[in-house]
Amino acid sequence: MDNITMVSTPAHTLRKNRTAGFAPGTLALAISGALMASVATADETSIALDKLKIEESLTPDTNPYAVPGAPYLADRVSDPRRTRSLAETPQTITVLTAAEISDSGRSDLREILDGQPGITLGTGENGNAFGDRYIIRGHEARSDIFIDGLRDPGMTVRESFAVEQVEISKGPSSSFAGRGTTGGAVNSATKRASTEYDFTKLSAGIGTDNYHRLTLDTNQVIDYDTALRANILHAQEDVPERSPADRERIGAALSLSHQFTDQLEMTADYYHFEGTDSPDLGTYIDRSSGKVVRNIPAYVQDEDFLESQVDTFTVRMGYEINPQTRIVNLTRYGTTDNGYITTGARGTTAYSTMTDATNDTNGYTSASLSTHQGWQEVEYFANQLNLLTTQEIGGLDHELVIGAEYSHQSVLNGVYNTSSSGSANCFTVGRSGVGESYCITDADGNTVAGVNHLMQRDITRGDADSDWNVETLSLSLMDTVDLTDRWTLFGGIRHDYYDYKTTANFDPDGRSGPQPSAPHDFTDKGGYWNGHIGASYDITPRANIYASFSTATNLNGGESDVGTSCGYGGICVDASDPQLGDPERTQSWELGTKWRLQDDRLLATAALFRITKNDVMEQPTGDSYSTEGSLNTGKNRVEGIELGLAGNLTERLSIQAGLAVMNAEVLESVNADNVGKTLANFADRSASLLLKYQATPAFALGGSATYESARYTGQPDTAANEDLGVPEYTVFDAFASYQVNRDLKFRLNVGNLFNKDYYLAAYRSGSFTYIGDKRNAQLTMEYSF
């Protein structure tokens, strides 16, 4: 047996996919079988096998969805209903792998998504809860966040310590997700236990601004059929240059996997997370100049907090009926609690005495403090059942997905009672006339003494002011079929039957909130259809073009955190006849192309798209808290082009890049002055670039750049106030890593390398504007054993 060599298959492709129905096998059996066959035929034929080719050095915790040797490129998304690879999926989907997230130094989901093209951040306010809030392609997506394919309701802080990859689907995805998803949806794939290997990875980091972060990721094989995986997190840091504002994260994720038979596998997960912030609401926009006020002192008060707690239980079962058919079932029960007392600052003319304020003399420019507060309790249950089968129909193989989903979501929103015992230090003129206030600078422009404990609030938990509930039963059917070697047809249809009820304060004058009102039940029952259809054509074996059409539907009052605030996606009615009316409907066209390059380790994508939202609920009175609105009178459109590049440019250079150039326009509105304007909180240009260069087998360095054009304030789905906004920005980050040996690695991250002043989002009045983190640095040690 002269010159006998063997081809090595990357480790992740050798793992058996039991849910998919592959028969058990091991590398040892495969190698021994090949050698025995070779020996048996040695006397008859001279066999020369290819040389051993090592594709890459894989760690045991390698992302199971990734492309071998390309750490920034995913082969597929985690949702089994997506039956084709990412390169063959006819939709713009950006996947951020765990390796990319780790290299970037970003950990909160909010930070991760803010660096992506086509996505901007929104703000909270009284009633409009603080927490993760995203705007995708110009449309609200705060209720379109998913974990392992199931909707994750509630406004909370989300972290990536137990995330395998983040999947951002652009454009309506109602065939998969149900209600909402007008601009897109975000799904996080969690880390799961595996019986393929034992490993433990400890990561410890320290840095500027009292930063420390400790994570543990361990997978232990109990026996051939059972494995347990645990991810543990503790992290804390001051907000760079904004102390005493700070952030703390505590989390634990446990995953237990067991193979009952060759056909039946179950994974049970428990996830717990606590996020505790002393939140910084940043600066404000000077309404006279329309510019952001810079160099404002950090004014967070001692009693401020933003607390999120999440507990979820998930059971995932897979059963293989035969090699062509399998069943996947997910069941989840979860609770989330979110509460906040935050302090905002707004520009004002301040006076040292009441006499000066009354007579408008000796006034000086300052900023006065305001309180924003609320709490939210979420309880939800969901069960998703999918039958995936390949069947020959009409002489063609159809990849069918037949699905049924039931969910019950309940969200209780309430308020805190607050009173301030601190001594006022200025007088201001407001709606109620002259009053005492708390100002953060004095007449000379200096920061006042004790700026962080001016208000000295007493806080008690108040009553609930809205009880939001929706029960949904969904049925879906999706099909993918290759018509020829080059043409593929795909489509799907979904029907959602819903039973909606919200009990919230309401009065016939259309006002909600603290003014006198009585609880009122808003109910709605019904069903709606959504779907997608399209075709793709293979230009070459590694390149295709596609065209698709998809729809989405939004319920009136579908946002769970705002009760009857019509201007923020809450209930919107004619006060004289409080019926909920028709839902909002969206249609989207997309024409795109995807190219696999560099031996399938680089994916280039491009897409032209148009999203048109019809029957938009509008709030024309100027009071965002009003229930009274104009039903189904609005229409808007977002169109543009998005480009993406992910994978390996060369054997040493990895990339994740994206560019979105868009245009938004209000087409119809009950307010004629809005027609022709752009949408609020919308960046018409945004781009991101992440590069990593593997200089030697041990040393790598890289960096990222994030760009967003100017964004203007306003309410969701309404025309922007182009007099108030935040300027465009470009921010650069850098990182370097050194692999000391097989088990030990160090990584240095520097965020905001050039200490740029930039701003992420602004509230509709400009009264608070989020400040991007100033320069910061972290050194992380990773040790595997």
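**Reading contacts, strands and cores**

Student: Which residues is glutamate 241 in contact with, leaving aside its neighbours within four places in sequence?

Tutor: Contact means heavy atoms within 4.5 Å. By that rule, glutamate 241 touches Asp209, Asn755 and Lys774, once neighbours within four places in sequence are set aside. One caution: this is a predicted model, where local features need pLDDT of at least 70 and side-chain atom pairs count only at pLDDT 80 or more, while totals for chains, interfaces and linings use all residues. Residues are numbered from 1 along each chain as its sequence is written, and side-chain values use heavy atoms, with hydrogens and water left out.

Student: How many residues apart along the chain are glutamate 241 and aspartate 209?

Tutor: They are 32 residues apart along the chain. Their C-alpha atoms are separated by 7.7 Å. Across the protein chain, take the contacts between residues at least 6 apart in sequence: 69% of them join residues at least 24 apart.

Student: Where does glutamate 241 sit, and is it buried or exposed?

Tutor: Its place is the loop between β13 (226-238) and β14 (246-259). Strands (E, at least two residues) and helices (H or I, at least four) are DSSP runs, numbered from the N terminus. Buried means under 20% relative accessible area, exposed over 50%, partly exposed in between (1.4 Å probe, protein chains only). Glutamate 241 has 53% relative accessibility, so it counts as exposed. In the protein chain, buried residues make up 54% of the 785 residues.

Student: How many helices and strands are there?

Tutor: The protein chain has 6 helices and 40 strands.

Student: What is the strand order in the open sheet of 3 strands?

Tutor: Two strands pair if DSSP finds at least two bridges between them. Here the order is β4-β5-β6, with antiparallel pairing. The edge strands, β4 (119-121) and β6 (139-140), each pair on one side only. Strand β5 (residues 134-136) is joined to β6 by 2 bridges. Look for isoleucine 135: it stands opposite glutamate 140 in β6.

Student: Which residues have the most contacts inside the largest nonpolar core?

Tutor: Nonpolar side chains tend to be buried together in soluble globular proteins. A nonpolar core is a set of buried Ala, Val, Leu, Ile, Met, Phe, Trp, Tyr and Cys residues joined through side-chain atoms within 4.5 Å. The largest here has 49 residues, and Leu113, Val166, Tyr299 and Leu369 have the most contacts inside it. Beyond its neighbours within four places in sequence, leucine 369 touches several residues, including Tyr299, Tyr438, Ile440 and Leu454. A second, separate core has 14 residues, among them Tyr498, Tyr500, Phe522 and Tyr528.
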